[in-house]
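Visitor: I'd like a close look at a single part, please. Pick one and walk me through how its pieces meet.

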Amino acid sequence: MTSDTTADTGRDPGRDTGRSAFGAVSTAGEVLAGIDLTGRTAVVTGGYSGVGLAATRALAGAGARVVVPARRPETARQALAGVERAEVERLDLADLDSVRAFAERFLRRRATLDILIAAAGIMACPEIRVGPGWEAQFAVNHLGHYALTHLVWPALTAAGAARVVSVSSGYGADWRIRWDDPQFTRGYDKWAAYAQSKLANILFARHLDRLGGPYGVHAFSVNPGWIRTPLQRHLTDGEMVAAGWIDAEGNAAPGLFRTPEQGAATPVWAATARELDGHGGAYCADCRVTGEGPADDGEAARLWALSAGLTGLDHIR
């Protein structure tokens, strides 16, 4: 949402710079304090766990109707019990038929979509093949969200001023798309595959904003920071000890992890902040536009073409 659809909170110290009054320790609730999202509709993938759950609660608390797509709907309903204005729909991002079915149901029931936060993801999992043999991290973290965005596109454009937020991670200059083997059929490396999917999140938002801007749809990618959530479920304690994330007793390294509510601050800020008007496609962290992230529009377009070929979806132009 841009300035004509986002409530004027009087907090715009970075109106022309993409900065804000918030930072690393701000929470999603603090970011949305004073913002009225009544009448707006949001979709938050992964909205029943970790950062996604915190984002769902904050958006619903600000008055938005939040649709939470879930591969495990009953688990999602339990997690969201007591959250007003949140509803659960079945969706498996690894299955394009499931994505298509979700989008068809959504478009039958709702004319507009104001906010799409792509927060669902998996990290450093063992080699898993989904769909037509796709590597699971690339499929779930990127291709499923690419397809979902295409399939709900009529609702995004109908909103007049919508935002898509792609939840990535802390950008690494050594991240690469394995162009000759994006599905890691030769020599699977769980961390390289994860990095590829998170780079894809950033490049996707960059190119989506370029294509969507004329339709009033703007996109951002975000780094939520370090948060200890079920995202780490594929890692052993030994791996996390070796990485310095926890000690031998399982205690988190002091000062390393944020709370889910703090992790959700930048995604909901990117979805609503007036300060971001004119900064579409940016990579954000700590509730501000960073100078980090890839700046190669050619690589972003190349990823878009690859994704279009894999999914058969390419009607955002």
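Guide: Axes here are lines fitted to C-alpha atoms, for helices over the stretch in contact, with angles from 0 to 180 degrees between N-to-C directions. This is a predicted model, where local features need pLDDT of at least 70 and side-chain atom pairs count only at pLDDT 80 or more, while totals for chains, interfaces and linings use all residues. Numbering starts from 1 along each chain as its sequence is written, and side-chain values use heavy atoms, leaving out hydrogens and water.

Let's take α5. One partner is helix α7, residues 190-212: the two axes are 7 Å apart, at an angle of about 20 degrees. That makes α5 roughly parallel to α7 (under 35 degrees; over 145 is roughly antiparallel, 65 to 115 roughly perpendicular, the rest oblique). In contact (heavy atoms within 4.5 Å), α5 brings Gln 137, Phe 138, Asn 141, His 142, His 145, Tyr 146 and Thr 149, and the α7 residues include Lys 190, Tyr 194, Lys 198, Asn 201, Phe 204 and Leu 208. By class, this contact of α5 with α7 has seven nonpolar, eight polar and two charged residues (Ala, Val, Leu, Ile, Met, Phe, Trp, Tyr, Cys and Pro are nonpolar, Asp, Glu, Lys and Arg charged, the others, Gly among them, polar).

Now for α4. From α4 come Leu 96, Val 99, Arg 100, Phe 102, Ala 103 and Leu 107, and they meet Gly 144, Ala 147, Leu 148 and Leu 151 of α5. That contact of α4 with α5 splits into eight nonpolar, one polar and one charged residues.

A salt bridge (a side-chain nitrogen of Lys or Arg within 4 Å of a carboxyl oxygen of Asp or Glu) joins Arg 109 and Glu 89, at 2.2 Å from N to O. It's a pair that links distant parts of the chain, 20 residues apart, with Arg 109 in helix α4 and Glu 89 in strand β3. Arg 109 is exposed at 55% relative accessible area, yet Glu 89 counts as buried at 13% (under 20% is buried, over 50% exposed, partly exposed in between, with a 1.4 Å probe and protein chains only). Glu 87 also forms a salt bridge, with Arg 110, the closest N and O atoms being 3.1 Å apart. Here too distant parts of the chain are linked: Glu 87 is in β3 (residues 86-90) and Arg 110 in the loop between α4 (96-109) and β4 (115-118), 23 residues apart. Both are partly exposed, Glu 87 at 24% and Arg 110 at 23%. Shared partners join Arg 65, Glu 87 and Arg 110 into one network of salt bridges. The count of salt bridges comes to 13.

Back on the α7 side, there's helix α11 (residues 297-311), with its axis 8 Å from that of α7 and an angle of about 95 degrees. The two helices α7 and α11 are therefore roughly perpendicular to each other. Among the residues that meet are Leu 203, Phe 204, His 207 and Arg 210 in α7, and Asp 297, Glu 299, Leu 303 and Trp 304 in α11. The contact of α7 with α11 has ten nonpolar, one polar and four charged residues.

Note on methods:
Helix = DSSP H or I, 4+ residues; strand = E, 2+ residues; numbered from the N terminus.
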